[in-house]
Each structure stands twice: as C-alpha cells, then as structure tokens.
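I opened this model to look up a few places in it. My notes follow in the order I made them.

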Amino acid sequence: MRRSLLEDAFSHHVWATMRLIDATLQLSPQQLDTAVPGTYGSVLETMRHLVGSDSWYLFDITGDRARRIDEGKMDLLELRAAMEADGTAWSTFLAQDLDPDTVLKEVDEDDGFEREATIGIRLAQALAHGTDHRSQICTVLTTLGVEPPSIDVWDFGLEAGRVVEVPPRS
C-alpha cells in the first residue's frame, strides 16, 4: 500500500505538537499562564486551543464524534493523549483514496454558522493552524528564557529517518 502524499506533513504536525507539549510539561503553573502580546493567549490556553482545534478538524472532515473533545479543562498529559489519538486518526483518514476537491459543509451546532470548503482546503487549514500556534508557544517560551524544542520539518525528517544530511568535506 502506498503512503499518502500528506502522511509526512501530518506526521510532522502531530510529532511537533507532542514534542512541544513534552517541553511544556516542565513549566511551572505561572509559566503555563504566561502570554505575550501578539499570541493567542497563555501557553496552556494556546495548547488547549491547538489540540482542541486539531480534534475538531478531524471531526469536521470525518464526522467521527469520538474526535470531539472538551479541551477547556484538559491538562498537558490529557492534551498529549488526545494529540496522539489524532495522529492515528489522521493516518487512517489519509490512507483512504481521497478526492481533495470534495466539498464538505459544516454547520456550527451552537450558532448555525455554515461553511463549505474542499477537503484539500480543510487539510491545509489544519496544518497552517497548528504551525501558527506552535510558533506562538515557542515565542512565549523564548520570552520566559526557555529554549523551545526543535520542531521544524527537517528535525522531524532526521528523527524519522526520512532526511539524510551530509556535511560538506573540509
């Protein structure tokens, strides 16, 4: 069976989020409550939003109600477990023969807001959203004097054995 063209992108997305959660497990409650201007909110609020949104994107695309989580009170270990489950769900979903032009309609259960968008756009949104908020958390960590973990795609590729680097000869 062939791998999905998007498998590496979503594997990186999940890996980077989990790696960032692992790095924030060491923070004090005061550090987790830190926010800086220009970011979504505190480290914990942003992490909850990032993981909650990821699970919601999966629900929105697949209709799987098991993907719905109540992230508002979740701690970092619960968020990590949810993201790990999302990783499995993304892999399962991406293994299907998907038409990126299939249009899905969402209707907000609370206020009735409606949006129609293709699966391709929804997948792009999930990745962009995760990258944006991981970057914001890294900004807060840097402001706190905490070295953020290396979470870029090259780091993922090296760790996953999907990138080989050969330094120049001296």
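Entry one. I began with Trp90 and listed its contacts, leaving aside neighbours within four places in sequence: Phe10, His13, Val14, Asp54, Tyr57, Leu58, Ile61, Leu123 and Ala126. I keep in mind that this is a predicted model.

Entry two. I then looked up the largest nonpolar core, which has 38 residues. Trp90 is listed there with Leu79 and Leu123 as the residues that touch the most other members. I noted that α1, α3 (43-62), α4 (76-94) and α5 (119-143) each supply at least two residues of this core.

How do the axes of α1 and α6 cross? I found that the axes of α1 (residues 7-24) and α6 (residues 153-160) come within 10 Å and cross at roughly 100 degrees. The two helices are therefore roughly perpendicular, as angles of 65 to 115 degrees count as such. From α1, the residues that meet α6 are Asp8, Ser11, His12, Trp15 and Arg19. Their counterparts in α6 are Val153, Asp155, Phe156 and Glu159. By class, I have this contact down as 3 nonpolar, 2 polar and 4 charged residues.

Entry four. I stayed with Glu159, which lies in α6. Is Glu159 buried or exposed? Its relative accessibility is 54%, so I put Glu159 down as exposed, the cut-off being over 50%. Leaving aside its neighbours within four places in sequence, Glu159 is in contact with Trp15 and Arg19.

I next looked up Thr46, a residue of helix α3. Thr46 counts as buried because its relative accessibility is 1%, and buried means under 20%. Apart from neighbours within four places in sequence, I found Thr46 in contact with Tyr40, Gly41, His133, Gln136 and Ile137.

Entry six. I checked the span of α5. With 25 residues at 1.5 Å a residue, α5 should span 36 Å. I found its end C-alpha atoms 37 Å apart, which agrees. Gly145 follows α5, and its phi is positive, near 85 degrees.

Where is Gly63 found? I located Gly63 in the loop between α3 and α4. Its relative accessible area is 44%, so Gly63 is partly exposed. I also took the separation of the C-alpha atoms of Gly63 and Gly38, which is 33 Å. Along the chain these two glycines are 25 residues apart.

Terms used
Residues are numbered from 1 along each chain as its sequence is written. This is a predicted model: local features need pLDDT of at least 70, side-chain atom pairs count only at pLDDT 80 or more; totals for chains, interfaces and linings use all residues. Side-chain values use heavy atoms; hydrogens and water are left out. Axes are lines fitted to C-alpha atoms, for helices over the stretch in contact, and angles run from 0 to 180 degrees between N-to-C directions. Helices (H or I, at least four residues) and strands (E, at least two) are DSSP runs, numbered from the N terminus. Angles under 35 degrees count as roughly parallel, over 145 as roughly antiparallel, 65 to 115 as roughly perpendicular and the rest as oblique. Contact means heavy atoms within 4.5 Å. Ala, Val, Leu, Ile, Met, Phe, Trp, Tyr, Cys and Pro count as nonpolar, Asp, Glu, Lys and Arg as charged, and the others, Gly among them, as polar. A nonpolar core is a set of buried Ala, Val, Leu, Ile, Met, Phe, Trp, Tyr and Cys residues joined through side-chain atoms within 4.5 Å. Buried means under 20% relative accessible area, exposed over 50%, partly exposed in between (1.4 Å probe, protein chains only). The expected span of a helix is 1.5 Å times one less than its number of residues.
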